[in-house]
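Please look through the structure below, which comes without any commentary of its own. The paragraphs after it take up a few of its parts in turn.

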Amino acid sequence: MEQASASRVARLLGAWQTDETPSASALRTALADLIEGAHLPSGQMMPTQRALAEALGVARGTVARAYAGLVASSHLSARQGAGTVVRFGRRGAGFGHGRLASFDEESPTVPIDLASGALPGSEVVARSMPEIGRLLHEHHLAGDGYHPAGLPELRAAIAATISRSGLSTQSDEVLITAGSQQAVRLISAAFAGPGSLVVVEDPTYRGALEAFSGGGARLRGVPMSPTGLAPDQLAEAARSADLVYLQSALHNPTGVHTSGQRRSEIAAALRGHRSMVVDDQSSADLSWTRSGRLPGLERYVDSERLLLVGTLSKLFWGGIRVGWIRGPKATISRLTDMRRGLDLSGSVLDQLAAVLVLPHAEAQQRGRREWLASQFSAATTVLRAALPSWEWWLPAGGSGFWVDTGADAVALAQRALARGVRMTAGPAFSPHEGHGTFLRLPVWHPDGQFAEAMEIVADLVRR
């Protein structure tokens with residue numbers, strides 16, 4: 001078994017220490033980020049505690065505590081006399097610890113972070129705040145504030161939105177969640193327990209991979225192309241599946257929108273199978289090639305087997321933690337009971353904000369469409385100038401794009417991290433560690449740092 005050298009791990013960690021976070025905690029977070037980003041692959045032996053402590057210039061006890069924390073979170077496994085080994089690649093029981101480092105103010109500082117496709121918020125959210133106070137005073141403060149399935153008025157509004165898309169929906173067929181990530185986690189807990197088989201696109205959304213594999217499910221990927229999944233391959237893969245997870249409206253990370261003809265073929269391929277089908281439409285509002293919300297499988301798959309996932313985070317702001325699941329009434333009731341055990345109820349404030357911003361969805365989509373198109377154009381101009389040999393799938397929309405470097409993207413991301421640029425390589429999006437030459441890059445990054453990052457990367461490529 002190959003052992004990672006202490007000097008290499010130290011280079012990958014870069015400037016991992018912070019003034020605010022104790023050294024062992026900061027080191028644990030930084031190492032988790034490397035593991036879940038596939039910079040330290042599954043099965044690789046870690047440096048000894050003494051060697052890494054010397055390379056980092058810290059006490060051995062600091063490394064020992066960091067390793068112990070990573071063993072507890074299942075990032076590492078340790079056997080006396082056999083050393084410490086990376087237990088899983090980019091995901092596992094630690095559930096997103098490294099993946100979500102982009103959103104962690106206590107994580108090690110990386111000057112330029114291109115790992116996230118999160119977008120800036122809308123002024124519509126800020127303008128809704130005064131009205132929230134009035135609604136609280138007039139309608140909600142007299143109650144206990146607990147609504148496990150969601151505020152009735154928000155469930156009704158989401159049901160009406162889905163009905164307009166072509167799938168008749170009642171309020172009791174909608175569960176409001178704390179964002180789409182919680183929605184996927186609930187679905188995973190309900191349908192993808194230990195030993196179950198989940199079919200996903202390859203590549204697919206990292207958060208879903210973490211949710212399913214973290215729950216002990218087996219994953220089987222179906223190759224994704226610029227036109228979507230091949231229906232015959234999906235039919236074969238889904239034959240014994242417990243759950244099929246797709247993103248037909250707008251796919252993350254590739255930005256592909258599956259055509260109506262192909263969606264019909266996908267639905268036909270899934271008929272006769274016992275599996276539940278999840279259509280995650282979290283990015284459906286982010287098209288820049290056509291107006292309005294992109295359609296998914298709602299007109300094609302039997303509604304008794306279909307779960308739709310949506311969110312307001314991408315259209316309005318990640319700070320509004322509001323997502324939803326649309327499904328059969330009995331399934332929504334079951335998921336609501338599971339949600340009670342997780343956090344009792346969602347934030348009334350966030351849900352009231354959602355009620356107030358939803359009427360502005362169409363205008364916000366238009367604004368996002370124009371803005372994202374200009375951001376994509378600017379980003380691709382930078383790429384063509386700095387790295388002309390790189391190619392990318394032409395997306396229908398989304399907050400990121402799928403770039404083929406033509407070389408080892410994992411190794412490149414490792415080297416870039418040591419230079420202060422965090423990127424996510426293709427294997428982080430694959431159930432089978434595939435797409436080793438790909439990177440997912442965001443179309444937007446604050447402060448004009450994308451051009452600076454690509455110059456650093458271009459310099460690494462030239463060496």
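Which residues form one aromatic cluster? The cluster is made up of Trp288, Phe376, Trp392 and Phe401. Before going further, note that this is a predicted model.

Aromatic rings also meet in pairs elsewhere. A pair of aromatic rings is described by the distance of the centres and the angle of the planes. With rings counted as a pair when their centres lie within 6.5 Å, the count comes to eight aromatic pairs. One of them is formed by Trp371 and Trp444, with ring centres 6.0 Å apart and planes at 55 degrees. Planes under 30 degrees apart would be stacked and those over 60 edge-to-face, so this pair is tilted. The pair links distant parts of the chain, its two residues being 73 residues apart. Trp371 belongs to helix α13, residues 361-386, while Trp444 sits in the loop between β16 (438-442) and α15 (449-462). Trp371 has a relative accessibility of 25%; buried means under 20% and exposed over 50%, so Trp371 counts as partly exposed.

Another pair, Trp402 with Phe429, is edge-to-face. Here the centres are 5.6 Å apart and the angle between the planes is 85 degrees. This pair, too, joins distant parts of the chain, 27 residues apart: Trp402 is in strand β13 (residues 400-404), and Phe429 is in the loop between β15 (424-425) and β16. Both Trp402 and Phe429 are buried.

Arg334 lies over the face of Phe191, at 5.0 Å from the ring centre.

Now turn to two helices. Helix α8 covers residues 206-214 and is mostly covered, with seven of its nine residues buried. Those buried residues are Arg206, Gly207, Ala208, Leu209, Glu210, Ala211 and Phe212. Just after α8 comes Gly216, which takes a positive phi of about 95 degrees.

The other helix is α9, residues 231-237, where Ala237 is found. Is Ala237 buried or exposed? Its relative accessibility is 2%, so Ala237 counts as buried. Leaving aside residues up to four places away in sequence, Ala237 touches Leu197, Val199, Arg220 and Val222.

Methods:
Residues numbered from 1 in each chain as written. Predicted model: local features only at pLDDT ≥ 70, side-chain atom pairs only at ≥ 80, totals over all residues. Heavy atoms only, no water. Helix = DSSP H or I, 4+ residues; strand = E, 2+ residues; numbered from the N terminus. Buried < 20%, exposed > 50% of the residue type's maximum accessible area, 1.4 Å probe, protein only. Contact = heavy atoms within 4.5 Å. Lys NZ or Arg CZ within 6 Å of the ring centre and 35° of its normal.
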